Amino acid sequence: MKKIYADNAATTRLSKEALDAMMPYLTDYYGNPSSLYSLGVKSRQAVENARNIIAECLNADPKEIFFLSGGSEADNWAIKGAAHLSAKKGKKHIITSKFEHHAVLHTLDSLKKEGFEVTYLDVHENGIIRPEELENAIREDTALVTIMFANNEIGTIQPVKEIGEICKKHKVIFHTDAVQAVGAIPVDVKEIGCDLLSISAHKFHGPKGVGAIFMRKGLRLPNLIDGGAQESGRRAGTENIAGVVGMSVALKHSCEVMAERNARLEKMRDRLIDGLLKIDRSIINGDRVHRLPGNVNMCFHGLEGESLLLSLDLKGVSASSGSACTSGSLDPSHVLLAIGLPHEVAHGSLRLSFSDENTEEDIDYLLEIIPPIVTRLRSMSPLWEKIIKNS
Amino acid sequence: MAYSEKVMDHFANPRNVGELPDANGIGEVGNSRCGDIMKMYIKVENNIIVDVSFKTFGCGAAIATSSMATELIKGKSVDDALKLTNKAVMEALDGLPPVKVHCSVLAEQAIKAALSDYYRRQGIDPEPIVGKIEEHDEHGEDSCH
């Protein structure tokens, strides 16, 4: 049976190049980078080399890159750090969007318990915030704006450059969760004008459990993890040497092939969307233009997402859905509700996300198998029966 | 979350799926807002469920529990069908993940709703026999499951 991995927004396969670069640091070069002898120095050099590569990919200074455990830690540090720093100046207001990742939303929930106030910007039907609404929401006591670069479910790309300009004008710290963007689309911290940016390695064919934060020079957030003097005393813990090496190799490769790969992925994405839109009562979620090259997110009325995923799995396809059944909660995805979908429609969502490993043949196969699966599930759905009767 | 082989079998090859044109009892439970609706059709002759079918909008477990519930009551007496519990449906499927237990409850309720409808059509008040069933509520705003 054909096997298609179409859940690259969840995680990606570790690339061969990254694995090869990591192996020596999992075997022969096991020294602690803080040690003075040559085995330790070898590890230190590997970490600093990785930092230089990542800084270059983001147009940052290596001193602005700090390694940590992944996107969630980066979001926690950026948001809690910026909040606590600003609270000392009496600023306790934070602006975000309604459809951030839970690493951001739940961090904000915990800050609200400490007395911070949060404004959630609307993301409208197309899944994009409006800069003028951000500017209107900024107050004297606004400490931080945290808005994602690209959404993890519907792939919509936010106007980060405009957000950066507004934040600069009002002297508000700007953090962007760029976990879905880094490695997928060009990310230039100088162009964006952000102060903090979160990165996760496993989204671009790097290893899991490692990430980084970009923290603009001159901004010193209070530490999240206290301990040893690693990462210039900003983030304690013995470095994940193999992890950061793998991350740097994977990111470098992603950035080198980006232009060619994205032209190919966009073509595949658009062909798949056009093909799936031919299915009766199907909709595309999120803006079609300002969208990650590898993201397709659709809803099919009258069916439920988990049964769609199981059916796809039986055909060898790994995908994802924002239905309540797959989210582990009782409500469907907060992202789909934020763009105004009714619950019953949001339950019937399907996310297919692609990387450089996917091919046009994958799209052919998906277009061949998805329509009959939708028809089959609808044929046994009392909700579909009602939709047809009422139309 | 992993489903048992039996759940996957009933999901991939559901038994007794579709409408039953000559049903004399039809029940529907759940609501679209919560992501699952089960509709059960039964045909009763001489107190025996001679035929049964279902239609379900919902997750894999919702489809599998509906399918298994129809198998468990087909050919049984109305009294036996009334005794069907969600636990029996779960056991017959070799278990369900904890977050999916509500699907088996819904399957039990769907059978009871169909039996209630059958009694009603016979001019019998079902409530003393079947108990109170939460009928399908299209605009149910109350919390799911």
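**Basis.** I worked from a predicted model, in which local features need pLDDT of at least 70 and side-chain atom pairs count only at pLDDT 80 or more, while totals for chains, interfaces and linings use all residues. Residues are numbered from 1 along each chain as its sequence is written, chains are lettered from A in the order in which they are written, and side-chain values use heavy atoms, with hydrogens and water left out.

**Burial.** I looked up helix α10 of chain A, residues 305–314 (helices are DSSP runs of H or I, at least four residues, numbered from the N terminus). Eight of its 10 residues are buried, so α10(A) is largely enclosed by the rest of the structure (buried means under 20% relative accessible area with a 1.4 Å probe, protein chains only). Among the buried residues I noted Gly305(A), Glu306(A) and Leu312(A).

**Ends.** At the start of α10(A), I found a side-chain oxygen of Glu304(A) within 2.8 Å of the backbone nitrogen of Glu306(A), and just after the helix Gly316(A) has a positive phi of about 85°.

**Partner in chain B.** I then checked α1(B), residues 5–12, which packs against α10(A) at an angle of about 95° with the axes 11 Å apart (axes are lines fitted to C-alpha atoms over the stretch in contact, and angles run from 0 to 180 degrees between N-to-C directions). That makes the two helices roughly perpendicular (65 to 115 degrees). From α10(A), Ser307(A), Leu310(A), Ser311(A) and Leu314(A) meet Met8(B), Phe11(B) and Ala12(B) of α1(B), where contact means heavy atoms within 4.5 Å.

Key
Buried < 20%, exposed > 50% of the residue type's maximum accessible area, 1.4 Å probe, protein only. Polar contact = N/O pair within 3.5 Å; in protein donor to acceptor, adjacent residues only side chain to side chain. Parallel < 35°, antiparallel > 145°, perpendicular 65-115°, else oblique.
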